[in-house]
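Q: I have a protein model open and want a quick tour. Can we go through it together?

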Amino acid sequence: MSPVIAVIIPFLGALAIAVAAGQPRLRDTLSFLLPIPLFLTVVSVAIIRLGLGDPMIQPLIELVPGLAITLAVQPLGLTFALLAATLYLAATPYAIGYMRAGGYDHLGRFMACYAIALGATMGIAFAENLLTLYVFYEILSISTYPLVAHTGTDKARAGARTYIALLLVTSVGLMLPAMIWIWQAAGTLSFTSGGILAGQVGPGAGAALLVILLYGIGKAALMPFHRWLPAAMVAPTPVSALLHAVAVVKAGVFSVLTVVLYIFGLDYVVTLVTQPVMLYLAVFTMIAASLVALHQDNLKSRLAYSTVSQLAYIVTGALLATELSALGGGLHMLMHGFGKITLFFCAGAIYVASGINTVSGMNGLARRMPLTMLAFFIGALCVIGLPPTGGFWSKWYLVNGAWLAEHYVIVAAFVLSTLLNIAYLLPPVMRAFLKPLPEGDSAAPVRIQEAPALCLIPLLVTAAGTLVLFVLADPALQMLKMGISS
């Protein structure tokens, strides 16, 4: 097995789904089965990489001598690939169930773009250099645009325009020039332990490159380039889950971690004059987005601003520039993925089963949807960072990394943000479990009205995943240590 196969499978699957678009049964079967061979391929690659230590470097297209689109298997990227491949096992049947229940059209196009996004995610995860990451990063942006605009309403088109405009402006206007600058200065774009810029650029150039790259990676949603993420909430809920938990935003923070670790290097990044500025900008994003989330009654909007805040945790972990904080950032990429996809799955299931899409409308909902609301509660615990969910470990490492680096203000910011997480994620749970049903509903017999099985089962599986990760976090931690400590 090789990383090339992991990248090719989703693209071939997208082609097959597009060809079968007019045959709903075949189309849905292909969509349903596609994540399985991908998952098995990524697991096989992981076994080879971890067992033999072989990075499996595979050049694909050489553009100029020394610069090629190349795939490789590194521990940080392997963690991201395993996260995406695992969550796609749940996300794809959920998407089929949700889109069927919602009566959406053009499902062939939708599922083909869903598969292309999966292939692009694999390309990002297995990128050996910054050019390869950039190419697949752009494919991911373009392939998800039709998903955001899928309903075709004026609101959907406007949200999709904001989405694609901000992502392309940042990547083409900032990330691409930074990449050219680095190639000219260092003569390589390969991801290298300890970075490639120390001694190759002056302190002013290094400081400028840090700002340009962090803002150029628009998918990380640092303020003020975060508006694309709430704007994309006009999309169907499976797209929101894809954007927030599996592909797009995780590609952003994975790119930030990769750039800080392997382009700058932890030792070099702390010498740059802009490092404290960008660090505290990430902290500001973390707090400000949480405050905005508090005032969102629309459930998906509340979760969207929560994502902006949680991404800033990972960027903060990278910019603290210690091994412990970087480990916390890598772990949070994993734990937040499981927690946030559970929350979005639940939001979609609630809407499909009851038509409710606001926090204020969730009174007594647990009486009708007990399994969904239990899963929502578990997902909320994971995002908050409380046991017995995996989110506890990632926040533990982030807080300890800041404490040992003597960034006590950032420790306080982590604590404050966690309290804000509680303030905006637990009220929906409390309303659902503790409030009575609305007056008109309370007179009728209470009947269980869960979403269809294809929506319900995936959210129960991902909720269980957050609990499993609390017990089995160590394998992920050890794999991340291979990439961060080496």
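Q: Which residues do ring pairs link into a cluster?
A: Phe-392, Trp-393, Trp-396 and Phe-470. Rings of Phe, Tyr and Trp (its six-membered ring) pair if their centres lie within 6.5 Å. Planes under 30 degrees apart count as stacked, over 60 as edge-to-face, and the rest as tilted.

Q: What should I know about the model before going on?
A: This is a predicted model, where local features need pLDDT of at least 70, side-chain atom pairs count only at pLDDT 80 or more, and totals for chains, interfaces and linings use all residues. Residues are numbered from 1 along each chain as its sequence is written, and side-chain values use heavy atoms, with hydrogens and water left out.

Q: What is the mean pLDDT of the protein?
A: The mean is 88, and 96% of the residues reach 70 or more. pLDDT is the predictor's confidence in each residue, from 0 to 100.

Q: Where is confidence lowest, and where is it highest?
A: Lowest in helix H20, residues 439–442, with a mean of 62. Highest in helix H17, residues 370–384, at 95. Helices (H or I, at least four residues) and strands (E, at least two) are DSSP runs, numbered from the N terminus.

Q: Back to rings. How many aromatic pairs does the structure hold?
A: It holds 12. Tyr-88 and Tyr-114 form an edge-to-face pair, 5.9 Å centre to centre, with 75° between the planes. This pair links distant parts of the chain. Tyr-88 is in helix H4 and Tyr-114 is in helix H5 (residues 107–125), 26 residues apart.

Q: Is Tyr-88 buried or exposed?
A: Buried, because its relative accessible area is 1%. Buried means under 20%, exposed over 50%, and partly exposed in between (1.4 Å probe, protein chains only). Tyr-114 is buried too, at 2%.

Q: What does Thr-92 touch?
A: Its contacts include Tyr-114 and Met-111. Ser-31, Phe-32 and Pro-35 are also among them. Residues up to four places away in sequence are not counted. Contact means heavy atoms within 4.5 Å. Thr-92 lies in helix H4. Thr-92 counts as buried because its relative accessibility is 4%.

Q: New topic. How many residues has the largest nonpolar core?
A: It has 184. A nonpolar core is a set of buried Ala, Val, Leu, Ile, Met, Phe, Trp, Tyr and Cys residues joined through side-chain atoms within 4.5 Å. Those with the most contacts inside this core include Met-122, Trp-228 and Ile-182.

Q: And which helix gives the largest share of this core?
A: Helix H4, residues 75–101, with 17 residues.

Q: What does Ile-182 touch?
A: Among its contacts are Leu-130, Gly-187, Leu-197 and Ile-263. Again, residues up to four places away in sequence are left out.

Q: Now the backbone. Which residues does a cis peptide bond join, with omega about 10°?
A: Met-223 and Pro-224. Pro-224 is in the loop between helix H8 (203–216) and helix H9 (228–231). The bond from Pro-387 to Pro-388 is also cis, with omega near 5°. Pro-388 sits in the loop between H17 and helix H18 (391–404).

Q: What is phi of Met-56?
A: Near 50°, a positive value in a residue other than glycine. Met-56 is in the loop between helix H3 (35–52) and strand S1 (58–64). Met-56 is buried, at 8% relative accessible area.

Q: What about phi of Ala-321?
A: Positive, about 60°, although Ala-321 is not a glycine. Ala-321 lies in the loop between helix H14 (299–319) and helix H15 (323–354). At 12% relative accessibility, Ala-321 is buried.
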